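Have the structure open, and follow along as we go.

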Amino acid sequence: MIRSAQRAEIRRAAREVLAALTGEPASCFGIQSEPGGPLSVIVGGHDSTIGCSFSHEDGYSLAAIHLHGAIGVDMMRVQDIPDWEAVARDYLGPVVTAALQATPAAERPLAFALAWTRREAELKCQGYQLAEWPASGGTGAVTAIPLIMKPAGLAGHVAVYQGGSK
């Protein structure tokens, strides 16, 4: 499925889930975004505090919805990344880079995918774009929950604020 079709389909599915969760018709919900910015859920033509986040990878789409505040989600394929060390140093910071250096090579692709998706999900939850370390913002009181989708070879994270909304 081409990326634009994936995006349209995940938005349709998210509106249907929101309808099922709230009892409102799916047509009542809109999902808007600016390039590089967080998603906004519109309810009945008005801004809401509902959090929504999407991630796409190789024909898969993942959505996270939080009815009471911000949420972030990210996923990626677990694979060997030849320049992982430079990428980690530039985007994940010195602590994560050191942990990845200490990880056995056979385990590093999963460890890298989990570290990367954690950072992306935390940033999405806070409304930040990915940028080089440390300019991309802190993690504050965000809790990240790992996801491992073995049959698909994917790993990811869902991130929410501790104690509810942002």
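Helices H2 and H4 run roughly parallel to each other, a label for angles under 35 degrees. H2 covers residues 84-91 and H4 residues 108-126; they pack at an angle of about 25°, with their axes 12 Å apart. Axes here are lines fitted to C-alpha atoms, for helices over the stretch in contact, and angles run from 0 to 180 degrees between N-to-C directions. Helices are DSSP runs (H or I, at least four residues), numbered from the N terminus.

A word on the source: this is a predicted model, where local features need pLDDT of at least 70 and side-chain atom pairs count only at pLDDT 80 or more, while totals for chains, interfaces and linings use all residues. Residues are numbered from 1 along each chain as its sequence is written, and side-chain values use heavy atoms, leaving out hydrogens and water.

Now look at who meets whom. From H2, Trp84, Val87, Ala88 and Tyr91 are in contact (heavy atoms within 4.5 Å) with Arg108, Phe112, Trp116 and Arg119 of H4.

Which residues of H2 are buried? They are Trp84, Val87 and Ala88, where buried means under 20% relative accessible area with a 1.4 Å probe, protein chains only. Because they cover an arc of only 100° around the axis, they sit on the same side of H2; the arc is that of the directions from the helix axis to the C-beta atoms. Their cover includes H3 and H4.

Leu92 counts as buried, at 4% relative accessibility. Leaving aside neighbours within four places in sequence, its contacts include Val87, Phe112 and Trp116.

Note on methods: Helices (H or I, at least four residues) and strands (E, at least two) are DSSP runs, numbered from the N terminus. Angles under 35 degrees count as roughly parallel, over 145 as roughly antiparallel, 65 to 115 as roughly perpendicular and the rest as oblique. Buried means under 20% relative accessible area, exposed over 50%, partly exposed in between (1.4 Å probe, protein chains only).
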